[in-house]
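Try each task before reading its solution.

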Amino acid sequence: MASTIPDQKRIGMVSLGCPKALVDSERILTKLRADGYAMSADYAGADVVLVNTCGFLDSAKEESLSAIGEAIAENGRVIVTGCMGNEAELIRAKFPDVLAVTGAHQYEAVVEAVHQAAPPSQGPFIDLTPQGDVKLTPRHYSYLKISEGCNHACSFCIIPQLRGKLASRRIDAVLREAEKLVAAGTRELLVISQDTSAYGVDVRHEEREWHGHAVRTHMTDLARELGQLRTADGNAPWVRLHYVYPYPHVDAVIPLMAEGLLTPYLDIPFQHAAPSVLKAMKRPANEAKVLERLRAWREICPDIAIRSSFVVGFPGETEADFQYLLDWLDEAQLDRVGAFRFEPVAGASANDLPGAVPDEVKEERFQRIMAKTEAISAAKLQAKVGRVLPVIIDEVGEADEDGDIGATGRSQADAPEIDGAVYLRNVPAGTQPGQVVSVLVEDADEHDLFGVISPA
């Protein structure tokens, strides 16, 4: 007697917050697809909608609650996960119809909630060829998460409360994932964690065997091994390090950048420079030594790009503290800078500090730091005019009425989503996302470069 195979249950996903949360979303969807679910690109086609929330700042919580509300209104069958899952009572009070609420990186709990809400109607045995991992980023770049949690106790942050203490992944598992991603077409690996420099501290930098030799669970060993990967055409993928605290051993990765094994880029969360503010933030106050190290790094690898983020209007920040930060930035000459107005986070000890800075002062300081960093960025980018730089293509446009095709890419100084772009004119037909091309820089503004692919 013939029977028909039931339609697959379909899952929708709204992923909010940082790249680490995006990796969580990819892992959840990969497991669900292995269990026989299909993905839905819209609310209407989904049997269940997952909302992966961010709970770091009040503004992020508002965005998360808004996303949950939209999913409830458009679909009605919603499971909430992610960092804001720690506030299940608040979520359930506002949205009593949510099917389940789970916390950050609780993959098994999310999958079990989906199984209960929409039992899989078919399994992976139906597919003759196993499906690969789900990616929520373009094919040519991938986030590589090496650890969860954080051992710091910064007064403005609740990440350890949301994601726990540092828990490093096995280095052989990380390298195996990286190797698999590159083999599948990834041209750029973005190494992420809460504290990349602390990788392996929790396991005492244990050794694992990798391709016949021992490697330590340590940032420098990881960086060195990632630098040995090669794409199908024999080229080294770009390897970009994010969330790097400036511990002394960071100095060891700079020569790897000079040798071309790592992308010459470091994302370092300095947060401030004034010693009194750093002390109140419970962060190390070694801003003078950092300036010396920046100079040393640039001597070894002149093209290194340093990005960072800073908080203005932290409780107790005086005008003298803020001016100290501006003067420090003049010295540091950072390539990419993001700034944030201080925002109280529920549960953070900084909320109890004296000397709250008025909102209008925060805004005035924010405008001043952005003007300062934009001027530094503009000068640095202008110095690149006339140079030929490697650029990875992100998007290729349609031909205009004259047949010209434009494209958008990034230099090695630009991480996706957070830094600048390189805008290309008149690219050859057949140019594809993921290609790395040589670009003659013709112009620049405060954030972006403009150019044309250089003839061979």
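**Exercise 1.** Work out which handedness the crossing of α1 and α4 has, and how the two helices are oriented.

*Solution.* Keep in mind that you're looking at a predicted model. Start with the handedness: α1 and α4 cross in a right-handed way. Next, the geometry: the axes of α1 (residues 19-34) and α4 (residues 107-117) come within 10 Å, crossing at roughly 45 degrees. That angle makes α1 oblique to α4, because only angles under 35 degrees would count as roughly parallel, and 65 to 115 as roughly perpendicular.

**Exercise 2.** List the residues that make the contact between α1 and α4, then sort them by class.

*Solution.* Take α1 to begin with: Asp24, Arg27, Ile28, Lys31 and Leu32 are its contact residues. On the α4 side you'll find Tyr107, Val110, Val111 and Val114. Sorted by class, the contact has 6 nonpolar and 3 charged residues, with no polar ones.

**Exercise 3.** Check the radius of gyration of the protein against that of a compact globule.

*Solution.* First, the expectation: for 456 residues, a compact globule would come out near 23 Å. Then the computed value: the protein has 23 Å, so the two agree. For the extents, the C-alpha trace spans about 80 × 60 × 55 Å along the principal axes.

Notes. Residues are numbered from 1 along each chain as its sequence is written. This is a predicted model: local features need pLDDT of at least 70, side-chain atom pairs count only at pLDDT 80 or more; totals for chains, interfaces and linings use all residues. Side-chain values use heavy atoms; hydrogens and water are left out. Axes are lines fitted to C-alpha atoms, for helices over the stretch in contact, and angles run from 0 to 180 degrees between N-to-C directions. Helices (H or I, at least four residues) and strands (E, at least two) are DSSP runs, numbered from the N terminus. Angles under 35 degrees count as roughly parallel, over 145 as roughly antiparallel, 65 to 115 as roughly perpendicular and the rest as oblique. A crossing is left-handed if the near helix is turned anticlockwise from the far one by less than a right angle, and right-handed if clockwise. Contact means heavy atoms within 4.5 Å. Ala, Val, Leu, Ile, Met, Phe, Trp, Tyr, Cys and Pro count as nonpolar, Asp, Glu, Lys and Arg as charged, and the others, Gly among them, as polar. The radius of gyration is taken over C-alpha atoms; the globule rule is 2.2 Å times the number of residues to the power 0.38.
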